[in-house]
Amino acid sequence: MGGEPDSAAGGGRVFEARERRFGGCFEDFEVGDEYRHWPGKTITEAESHIFCMLTLAVHPLHVDSAHFDGTQGPFERPVVAGPHIYSLLLGMSVPDISGRALANLGTTDLRHTAPVFPGDTLYGTSTVLETRSSRSRPDAGIVTVETVGRNQDGEVVTTYKRSVLLPRRSTDGA
């Protein structure tokens with residue numbers, strides 16, 4: 001354990017979040033590295049409702065549990081709103097991926113592949129897809145990761161890619 005990462009099945013390094021906190025510099029990331037975010041998060045019905053009220057995502061599919069009987073949609077109980085799931089996964093990944101970020105550059109390919117219900121527990125991992133020097137900032141580099149969210153049964157519920165601008169340890173642009 002101690003600080004040296006394990007090897008992933010795909011040949012990249014594996015980092016446990018409990019071992020390394022609040023991100024790294026550009027040079028710390030290599031294509032294929034996998035970050036297992038910790039801890040997971042059990043989503044309560046109350047927080048799901050609060051998120052919906054704060055963001056005005058008030059579709060009955062998410063908030064009408066008193067009258068939700070499966071006739072308003074394909075599920076027999078309320079579903080946690082997708083933006084809530086994305087927000088939780090993003091937050092889980094900050095300590096490992098973007099804790100030192102100079103900027104979050106964007107998110108692409110966001111997919112909600114299975115429903116999440118109140119009471120489910122969300123777990124996240126991020127895999128480094130690309131690293132490259134910044135063309136406009138010689139003191140920084142860009143790291144692109146794919147984050148995958150799974151429920152307590154290991155089922156993939158959400159995936160997305162995001163890129164962050166990270167500082168270099170040295171400013172020589174190398």
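This is a short tour of a predicted model, stop by stop. Residues are numbered from 1 along each chain as its sequence is written, and side-chain values use heavy atoms, with hydrogens and water left out. Local features need pLDDT of at least 70 and side-chain atom pairs count only at pLDDT 80 or more, while totals for chains, interfaces and linings use all residues.

**Stop 1: the whole chain.** Show the protein chain as a cartoon and you will find three helices and eight strands. Helices (H or I, at least four residues) and strands (E, at least two) are DSSP runs, numbered from the N terminus. Of its 174 residues, 43% count as buried (under 20% relative accessible area, 1.4 Å probe, protein chains only).

**Stop 2: the largest nonpolar core.** Select Ile 43, Val 80, Ile 85, Tyr 86, Leu 88, Leu 89, Met 92, Ala 114, Val 116, Leu 122, Val 157 and Tyr 160; these 12 residues make up the core. Such a core is a set of buried Ala, Val, Leu, Ile, Met, Phe, Trp, Tyr and Cys residues joined through side-chain atoms within 4.5 Å. Now colour α3 (82-98) and β8 (156-167), the elements that give two or more residues to this core. The most come from α3, with five.

**Stop 3: Tyr 86.** Centre on Tyr 86: beyond its neighbours within four places in sequence, it is in contact (heavy atoms within 4.5 Å) with Thr 107, Leu 110 and Tyr 160.

**Stop 4: another core.** Finally, pick Phe 15, Ile 97, Val 143 and Val 164, which are included in a second, separate core of 10 residues.

Technical notes
Buried < 20%, exposed > 50% of the residue type's maximum accessible area, 1.4 Å probe, protein only.
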